[in-house]
Amino acid sequence: VARRLQRCIAIAVIGAACSFDAAADTDVSPRNELPWRVLILQGYDPWLASAVQFEQTLRPTLYANVPRFVDVYTETLDSGRFRSSDLEATFLALLRQKYSHDRPDLIIAGAPFALDFALRHRAELWPDAPIVFFGVSPRAWAGRPRPANVTGQLLDYDPSKTLALALRLSPHAASITLIAGVTEADKLRMQATLAAAAKLAPRLEIARLDNLPFGEMARRVATLPRDSVVLFLGLYRDARGDTYVPVHALEQLSGVSSAPVYGWASGQLGHGIVGGALTDFEEEGRAVGQLAADVLTGRVSASAPIRDPLPPGCAVDARQLERWDLSERNLPTGCTIAFRIPTLWQTYRWEAVTAVVLIVLQAGLIAGMLFQRRQRRRATLEVQRMRSELSHASRLATVGELTAAISHEINQPLGAVQSNADAAEMFLDANPPRLDRVREVIAEIRAANARSAEVVRRLRTLLKKNQLTFQTLDVNEVVDTVLQLVATEAHRRGVTLRADLQDGPLRIEGDPIQLQQVVLNLLMNAMDAMAEVPAVRRHARIRTSANRDSVSIHVSDRGQGVAPGDMSRLFQSFFTTKAQGLGIGLSVARTIVTAHGGRIRVENNSDGGATFEVVIPKGRTHGEVVSEHASNTSASEIAK
Amino acid sequence: MNDGDVVVHLIDDDQMFRRALAAMLEAAGYAVEQYASAGEFLLQDAPRAPGCIILDLQMPGPSGLELHEALARRRDSLPVVFLSGYGDVPTTARAMKTGAVDFLTKPVQRDMMLAAVQAAIRRDANRRTKERQKREVQSRFTSLSAREAQIFWSIVDGKVNKQIARDLNIAERTVKTYRAQMMSKMRARSVAELARMATELEPDDARSGQAARA
């Protein structure tokens, strides 16, 4: 105390010096004056949630609105937990000693109990200090005489709005349970609540859980029917005399409660209540702080009218709404929703936005690539279609050249049918009819018919428009089929065809018709090449052979051979050395061979004529790249 | 309806067509011999039996035309009926020039085929009759003495007995005797008949006759 006194004196001396300086120097600094002293006299535990909220806003508001330095002291009577009337004398003595020299300039007294104490001992302790009170209900204030130099902010406890909210959220509620302790304040709130409930919901059953030990309260609250609502009015002390921090008691009770719990103070929000029309103690602190500052600076007279209570604000706890499955839609407008569980969107908004942007960009890229791929695929298909058209045209042309031979091929069995039919008729007319011969002849007719059908079938297969379809095939079979097709033509032209086919099936993956066309084109080419040579030299030879991973077809003729200057252009479209040639046979052959992943080349023989070599891989090595290459080839060829 | 001695030789590489045609011809009563190629036919001895050849023009190896040209060079070749899958004009013309009986395109009509075969066989029969007559005349001619042969050629040349007697430096009476003997050996009833026989004599015989005449 002595040290404090010294410090006060020191401050006073410095202050005096400063004020002296200030007289000379008009630049007045707050530090040059003595600080104002403000004493807050709390009626209850200053660590109660509402008290903490109150002082947290009161002090800054006070500091901010006073031009001078303010020292704030807090003393508490804690009447909720102690029998303060027994302690009053001792407490008074302490205050007297603490504040007799450094008298407070302003008393802020909360709750009727503290206000009464301040008023009672005013003359002795702080006769000149004005008193600003808070935490006094209009009803408690109404009965008092108005002392001088006292003003304040009334605090109304109005349970009807909380009740209304509870019933609005639980429209089918059948009962209301009220929880309260046994202190004076608890009792007052209980009475007010009972009155409000009787008025608001006269038909609902009211259960009181106030005059009970805490354990019993907890037990009962845990077994409430689901269709009831609970109001927590406050619990400083239970029937057994145990004291409680109300929000802790609230947390425990709401934790076990089987029905939603409502409250009335902003400090309760977040401690288990669904919500209510809540008295906001931060607002209270701000209002009282402002009033205290105004009184201290003289802006407001200490005898100014008492301020009306601040209206409570509707607020709810989103987590509790969810716990009790209460609908947000039933809330009155303007009701604050606190503790809203942040959605994933709220929590990860930027991550999500970034991810979405990335995905959209990526999707765009993928879509672009797919589009491009589709375009390319379409172009490839178009080229394939054109190639197929060209090869079809080439086949038509080749078959055109073969017409005479083919008509002979078909004529021959037709002639046989004709003669056999004649014979059959004559055998039947004979006396006696030679039925055995007739039967023979009919069998012959059938065979001849099958043969002509086979010719037509081969022809039709060759002329069929078809897409490149790969299957396992035997190269020898392909060559055989073509040999049958051109045999007559070869004879007609006086060309001797010799086939040296390696034994055994020579299997590759390929399109049989397209490969037939290659062989056909090469054989026709060989025969064309020998049109001018003497008949004895007209020998064409086709040879097949298997290599390690490919199959070769060689077609040799004994014609004039290829002129050196023509070698490079031989496989180009529309290049021809023949008078009637279209110049597509060899280019189509090359396109087909390339599409099979193979190659075709030509060489002049040492003894005259030329040999064409086709090599086709056994495995299916034609792929995107190869077929693309083929497409490019044919595309460029078509472009030429 | 035809005598069994007649044989039709059918040369075609197309077995199916060949057998069909053979069946038809057999139904018509002909004996048919089949050959897959011209070579196969040529390897056989020249057929003695009367008949004809049916020859396909489109065959590997020597073509039908080439075969026919070879056959035509043989003395007693059989008449040939040509068959072709496609009767182009140059081929037809060439075939007919070599003495083909007929040229038919496939598929052949039965009546045309049978008519052609009949015509060929008739031609063969005619030829054979002529050959026989020719051989008969020749054998009669060879039975003549040198003097009789001299008188034969002199009469064919249109000379009268007096002229012949002067040429041969013999009496006219002697000429008459030789002439009667010669006419009897040749079984000629008139000078005109004798002249016709003279045309049937082979050049060799004629030459010998000429030599005798000279």
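**View 1. Chain B, with ten helices and five strands in its secondary structure.** Helices here are DSSP runs of H or I with at least four residues, strands are E runs of at least two, and both are numbered from the N terminus. This is a predicted model, where local features need pLDDT of at least 70, side-chain atom pairs count only at pLDDT 80 or more, and totals for chains, interfaces and linings use all residues. Residues are numbered from 1 along each chain as its sequence is written, chains are lettered from A in the order in which they are written, and side-chain values use heavy atoms, with hydrogens and water left out. Of chain B's 214 residues, 44% are buried (under 20% relative accessible area, 1.4 Å probe, protein chains only). Take the contacts (heavy atoms within 4.5 Å) between residues at least 6 apart in sequence: 64% of them in chain B link residues at least 24 apart.

**View 2. Helix α8 of chain A, residues 184–200.** Its 17 residues span 24 Å from first C-alpha to last, close to the expected 24 Å (1.5 Å times one less than the number of residues). Buried residues of α8(A) include A:Ala185, A:Arg189, A:Met190 and A:Ala196. The buried set packs against α6, α7, β6, β7 and β8 of chain A.

**View 3. Where α14(A) meets α19(A).** The axes of α14 (residues 349–401) and α19 (residues 585–595), both in chain A, come within 10 Å and cross at roughly 135° (lines fitted to C-alpha atoms over the stretch in contact, angles running from 0 to 180 degrees between N-to-C directions). That makes α14(A) oblique to α19(A). On the α14(A) side sit A:Arg387, A:Leu390, A:Ser391 and A:Ser394, meeting A:Gly585, A:Val588, A:Thr591 and A:Ala595 of α19(A).

Definitions and conventions
Parallel < 35°, antiparallel > 145°, perpendicular 65-115°, else oblique. Buried < 20%, exposed > 50% of the residue type's maximum accessible area, 1.4 Å probe, protein only.
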